[in-house]
Amino acid sequence: MDTWDPFVLARIQFAANITFHILFPTISISLGWALLFFKTRFVATGREHWMQAYQFWVKIFALTFALGVVSGITMSFQFGTNWPGFMNTVGNVAGPLLAYEVLTAFFLEATMLGIMLFGRGRVSERVHTLATLLVALGTTASAFWILALNSWMHTPAGFEMIDGKAHVTSWMQVIFNPSFPYRLTHMLIASGLTVSFLLAGISAYRWLRHDRGAEVLATLKVGVYAAALLIPVQIVVGDLHGLNTLEHQPAKLAAMEGIWHTQKGAPAVLFGLPDERTQSNRYELAIPKLASFYLTHDWNGEIKGISEFGGQHPPVAPVFWAFRIMVGTGLLMLVVSWSNAWRMRKGREMTPWLARVLVAMTFSGWLALVSGWYVTEIGRQPWLVYGVLTAAQAASDVPAANIALTLSLYLVLYVTLLLAYVRVVFYLARKPDLAKQPLHHAPAGLQGSTTQQGAAG
Amino acid sequence: MMDLIPDLSQPAGWLPLAFAGVMALSMLAYVILDGYDLGVGVLLRHADDGEQKDTMIASIGPFWDANETWLVLGVGVLLVAFPMAHGVILGYLYLPVALMLVALTLRGVAFDFRVKAQASHKHLWDRAFQLGSALAGWSQGYMLGALITGFQDGIGNRLFCALIGLCLLAAYRLLGASWLIMKTDGRLQRKAVGWAWSSLWLTALGIAAISIVTPWVSSRIFDKWFAFPNLVLLLPIPLVTVALFVLIARSLRRLPTRLEQGNEYGVAVPFAGTIGIMLLAFYGLAYSLFPWLVIDRITLWQAASSPQALMVIFYGVVLVLPVIIAYTVFAYRVFWGKSTALAY
């Protein structure tokens, strides 16, 4: 048992929790706005299929939201249980940001969700639309606060250290710290892309099952066009975010690019196996000078290498690979969304082949998003707050056995819930009349849905 | 005790006190509000059929999520306003906290999965709902026991914590049953009267156990309660508590015949009475513990963050909390009355 390092276990536990958690807010942030869009289209046009789209997707929203809430509660406890040194050192910065998230976002979205889900018929249509808007606003406000804190951990600003504790000198600088605008935009667009591919993928799945009503075609179109519009913007924003990283966290950038030694005219490494021991990439495949060009806009610009940072650099291989997975998925998204948008131009029919590709990419947003987060979070190591506090300094003294026990408990739970979630999303898509018939939390509707299942299955 | 309390006219004095108040009230709101949710979850296994289960869950469906947020606020305030105590308390409670989190996760996701997964899986998610509710309630009671005994180790303490776990679960069950008496009708409503009745005694035992044990944990607490004239001034607390128990018991005895005749008079009495008991228990507990966050070890001022950081949050609390309370009241009004089948 004592061969287990509690620090490593605590990190794995935290990484597992935060990875599981981020999957769900990513969907609920943009799906909330998509629902508002469906609802307002219905109110504006009076066309029933927009309400059917709303009624189908609100079920997925509710499920996603619940998973986000419960995993978020776990997070709020683990800040303290796993990293007590974090609050002790930078609590004066992190505390108010977290408090504002709870006060301005959590209560709003949780309370309005009840009205949004169950209140139709009890409140006026206008109040119901307002509740939908407030839920979407709440999820986005939550992203604002938590990304302000996360960005501050990467590019801390607006504070001074007194007796080893951070004290705020300017809240504007704390919140709007150098990486915040880039990270927030990058994350919100990532959420938009995740939901676009989810909408498109599930709609394509229904289309393939010959469930081709106006509602399915509408959500398919919304998904494909939103993805096609968002992905080029995301590529530009991602590039700007990368330049911001080059400026503030050069060690992370060197790991992303796999550049070991400072050089002028650095190559863009497409493939390679980073080797910490020899400080080089094995089997490297690279395009000469390209990295210098897109990072410094000069073919001979100088890029700092990993060796420049002594021991204070992140583990190279995970950052290097996660970055390639993210970029690869992004490029795939570009190809798929544009070819679909082209195919569907002027109201033409979808092809089964393209629909299958969309189904395969239903959760591609998650892959790009999680690998992107790994790039930025692992890339910050060994720091917890860049240049201020290392993760090791913030660790707790909880015994390894306790962490191992709870970690295995969480892992079993998360894997089960993740599988259940994906299965249920596709299961809901298989019940063809679901959108037309409200889902009851009481027997009448349930019998309805079981018979539908029988008919469909 | 006066030497423990700094000058309250200074921000470093009154701000931590204000936040201790916000934290305590959030926890109280959580225990009452999510208490009835968890109580209904525990009672699920006594339902006659799936229809009753659906009605029971429909009665808490629109509320549970916001109810649970009070826990996030309470723990959030502990984390951001009293970081030093947060480390000590959650370090000691590491395992019960983990158990509670897993349990709350199960309960929370079961709300959705039970109606969305394949019909053949529904009973599994109902089980998860019950198990999650029961374990969450028990582990919270365990933590309450630990708070009262000052987070000390030892088998006796742990057993006491485990007992308080059962008693808090009974209190939640009482709250849940009284909630169902108000929010449902027919057979389920009459069954709920029986459930409330069977929860009453363990709830009373829990409050008695806490009242007896707390003064013996610390001589300071003993003196606070039993020195003259405090004793006389505090006597109304246990007396009113006993009176409320009698009131609830009487109401539960009369309700079945009244409900039989379709008379709804007094259906809210058990719920209101239980909340009254919880308020008094809470007041007694706060009186015992003040000004300690960890009995005889850490006061709330010793554990507090810097006044500057607290001030920033204080503005937020003063501005936003009334708004939160206003829209919470609005949501309860929207779903006022007997719960109907929920559909969306």
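**Core, chain contact and a loop residue**

Modeller: Happy to! In this predicted model, the largest nonpolar core holds 256 residues, and those with the most contacts inside it are A:W57, A:A66, A:L149, A:A227, B:A81, B:I181 and B:A196. Helix 3 of chain A, residues 84-118, supplies the largest share of this core, with 22 residues.

Now to the place where the chains meet. Here 66 residues of chain A are in contact with 61 residues of chain B. On the chain A side, the elements giving two or more residues are helix 2 (48-82), helix 3, strand 2 (165-168), helix 14 (400-430) and helix 15 (443-456). Helix 3 of chain A gives the most to that side, with 22 residues. By residue type, the side of chain A that touches chain B divides into 41 nonpolar, 22 polar and three charged residues.

Finally, the loop residue. A:M344 sits in the loop between helix 10 (316-343) and helix 11 (352-360) of chain A. A:M344 counts as partly exposed because it has 19 C-beta neighbours inside 10 Å, while a buried residue needs 20 or more. Not counting residues up to four places away in sequence, A:M344 touches A:K221, A:V224 and A:M350. A:Y225 is 119 residues from A:M344 in sequence, yet the two are 9.5 Å apart in space, C-alpha to C-alpha.

Note on methods:
Residues are numbered from 1 along each chain as its sequence is written. Chains are lettered from A and ligands numbered from 1 in the order in which they are written. This is a predicted model: local features need pLDDT of at least 70, side-chain atom pairs count only at pLDDT 80 or more; totals for chains, interfaces and linings use all residues. A nonpolar core is a set of buried Ala, Val, Leu, Ile, Met, Phe, Trp, Tyr and Cys residues joined through C-beta atoms within 7 Å. A residue is buried if 20 or more other C-beta atoms lie within 10 Å of its own, exposed if 12 or fewer, and partly exposed in between; C-beta atoms are placed from the backbone. Helices (H or I, at least four residues) and strands (E, at least two) are DSSP runs, numbered from the N terminus. Two residues are in contact if their C-beta atoms, placed from the backbone, lie within 7 Å. Ala, Val, Leu, Ile, Met, Phe, Trp, Tyr, Cys and Pro count as nonpolar, Asp, Glu, Lys and Arg as charged, and the others, Gly among them, as polar.
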